[in-house]
Amino acid sequence: MQQQALAVALVSGGLDSMVAAALAVESGYRLLALSVDYNQRHRVELAAAARVAAALGAARHVVLPLDLSRFGGSALTDAIDVPKDGVGEGIPVTYVPARNTIFLSLALGWAEAAGARDLFIGVNALDYSGYPDCRPEFITAFESLADLATKAGVEGAPFRIRAPLQHMTKADIVREGARLGLNMGLSWSCYDPTADALHCGLCDSCRLRAKGFVEAGVVDPTAYAAR
């Protein structure tokens, strides 16, 4: 009997990573879910990541500690206010320096050790906050790097960076989650949750999430403090 292929998926707890990981499962992969505890201020997302990994039947869920707050430089890791005035131009202060490069490098290390050749990440370059490490050219470049930087790649077993949401709008992603039968209420998107663990409703991520559900015509299961 042929062994089921493994895939490593970055599972942040957010809606995008949930749908991307679910697509890996739908494609027949045995899921290895990786979450990074980077000492982010919105710690509630790690609880969401655990819920998502369990709901998707991950064969293993690793939560890797890596304290990026030691570097700072982001509203998600430092004492910087999260913007609440809408999605604007330019790269916002919620950008975490080189985050997807760091996270994909960690996923690559696990994939090589586990014998997986496919890495799933839930980036998209349409309805997003303008982060440079969500663009298609970044994904393409990292895939090339993976083959140059690993024993497996050098020996002819290339890695594939799967970004199935790359060209989807947030509404498309919500529709895909609904098609997959996901409980999207398990996911977490907010950059600045309230003390009683509600989505703030005003940060970029909340606005994009709410907009996606409205445009998709799907009931939003999210509890927002403000709309």
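1. Helix 6 and helix 7 cross in the right-handed sense. This is a predicted model, and in it the axes of helix 6 (residues 170-179) and helix 7 (residues 204-216) come within 7 Å, crossing at roughly 65°. Angles of 65 to 115 degrees count as roughly perpendicular, so helix 6 is roughly perpendicular to helix 7.

2. Now to the residues behind that crossing. Helix 6 contributes Lys170, Ala171, Val174 and Arg175 to the contact, while helix 7 brings Leu208, Arg209, Gly212, Phe213, Glu215 and Ala216. Sorted by class, the contact of helix 6 with helix 7 has five nonpolar, four charged and one polar residue.

3. Five strands form an open sheet in the order 3-2-1-4-5, and their pairing is parallel. Strand 3 (60-65) and strand 5 (160-162) stand at the edges with a single partner strand each, so one side of each has no neighbour in the sheet. From one strand to the next, the twist averages 25°.

4. How many bridges join strand 4 and strand 5? Strand 4 (residues 118-120) pairs with strand 5 over three bridges, in the parallel sense.

Notes. Residues are numbered from 1 along each chain as its sequence is written. This is a predicted model: local features need pLDDT of at least 70, side-chain atom pairs count only at pLDDT 80 or more; totals for chains, interfaces and linings use all residues. Side-chain values use heavy atoms; hydrogens and water are left out. Two strands pair if DSSP finds at least two bridges between them. Helices (H or I, at least four residues) and strands (E, at least two) are DSSP runs, numbered from the N terminus. Axes are lines fitted to C-alpha atoms, for helices over the stretch in contact, and angles run from 0 to 180 degrees between N-to-C directions. Angles under 35 degrees count as roughly parallel, over 145 as roughly antiparallel, 65 to 115 as roughly perpendicular and the rest as oblique. A crossing is left-handed if the near helix is turned anticlockwise from the far one by less than a right angle, and right-handed if clockwise. Contact means heavy atoms within 4.5 Å. Ala, Val, Leu, Ile, Met, Phe, Trp, Tyr, Cys and Pro count as nonpolar, Asp, Glu, Lys and Arg as charged, and the others, Gly among them, as polar.
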